Amino acid sequence: MEAGRDTVPQNSKSAIRNSQSPNLSRYDQKLELILRTSARIFAEKSYHSTSMRDISRETGVSLAGLYHYCKSKEELLFLIQDHCFGRVLERLEQRIRGIDGPFEKLRILIDNHLSFFAANMAEMKVLSHEAESLAGKLHEHVSTRKRQYTRTARKILSEVQQTTVGSQSQKSRRNGRRERILKPVDLTVATYALFGMMNWIYNWYDPRGKLSVSQLVDNITRLFLNGFLASEIEPLGGAKSRSSENVSVWRTA
């Protein structure tokens, strides 16, 4: 049985906890170097095409030294994923604590996600491409973190939606006439669409380019809200969905 597959590594929580401290121990500094380097190599070559020797060569840590920090390549992938989801979720919960306004919470959610991953683009690609490369309890542990993060985002979107619909209803009653009522967007669709917009940035966004992270946050927030809170419209051109057609977004011919 492969090491690391059926037990969650004990150093997972300490890696997340210690990453917040400016005074990292030598052990934690070396572990952080190994994780960041491994994420970069996984992003460049893919997880399955990377060997522990590749990581040893790039980090300058011997194979024996690597196995002192993790039991297997799978455990390395687990630590990268668990660290990222744990860190971004913990940061979000800290930042929205005491915030009442749903729109402010949503902006914090988007800013928190984009600012974290703009500084960790290789990790974002690994999370997107290697989501199913873990198995057993390691996979379940990361999946639990992802579900918790998704539920938090969905709750924020629900609050935004309820606030907007309630405000529109009150305005309609005050005006004494019927107005077009917003047809709510399905929250599951909205939640995953938002994450899709944010997670895709590793394909095109350059943190060193002309568009700053704050500008990126502002644009994606406005772009998302203008669709999420738009009134009901008819499908363009009256086109009907052909649900039986198997279409790949990657196939161009």
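Mentor: Start with helix α7, residues 121-129, where M121, E123, M124, V126 and L127 are buried. Buried means under 20% relative accessible area, exposed means over 50%, and partly exposed lies in between, with a 1.4 Å probe and protein chains only. Helices are DSSP runs of H or I with at least four residues, strands are runs of E with at least two, and both are numbered from the N terminus. An α-helix has 3.6 residues a turn, so residues three or four places apart point the same way.

A word on the source: this is a predicted model, in which local features need pLDDT of at least 70 and side-chain atom pairs count only at pLDDT 80 or more, while totals for chains, interfaces and linings use all residues. Residues are numbered from 1 along each chain as its sequence is written, and side-chain values use heavy atoms, with hydrogens and water left out.

What covers the buried residues of α7? The cover includes α2 (26-45), α5 (73-96), α6 (102-118) and α9 (187-199). Contact here means heavy atoms within 4.5 Å.

Now the core. The largest nonpolar core has 60 residues, and L106 and F228 touch the most other members. Helix α5 gives the most to this core, with 11 residues. Such a core is a set of buried Ala, Val, Leu, Ile, Met, Phe, Trp, Tyr and Cys residues joined through side-chain atoms within 4.5 Å. Leaving out residues up to four places away in sequence, L106 touches I156, L157, V160, L194, F224 and L225.

Next, the rings. The structure holds seven aromatic pairs. F116 and F117 are edge-to-face, because their ring centres are 4.9 Å apart and their planes stand at 85°. Rings of Phe, Tyr and Trp (its six-membered ring) pair if their centres lie within 6.5 Å; planes under 30 degrees apart are stacked, over 60 edge-to-face, and the rest tilted. F116 is buried at 9% relative accessibility. F117 is buried too, at 2%. W204 and Y205 also form an edge-to-face pair, with centres 5.8 Å apart and planes at 75°. Y205 is buried, at 6%.

The charged end of K73 sits over the ring of Y47, 4.4 Å from its centre. The test is NZ of Lys or CZ of Arg within 6 Å of the ring centre and within 35 degrees of the ring normal.

Last, the salt bridges. The whole structure has 13 of them. Each is a side-chain nitrogen of Lys or Arg within 4 Å of a carboxyl oxygen of Asp or Glu. E159 bridges to K105, with the closest N and O atoms 3.3 Å apart. That pair links distant parts of the chain: E159 lies in helix α8 (residues 136-175) and K105 in helix α6, 54 residues apart. E159 is buried at 18%, and K105 is buried at 13%.

D54 and K45 meet at 2.9 Å, N to O. D54 is buried at 12%, whereas K45 is partly exposed at 38%. D206 pairs with R208, their closest N and O atoms 3.5 Å apart. Here D206 is partly exposed at 37%, and R208 is exposed at 76%. Finally, salt bridges link R40, E44 and E58 in a network.
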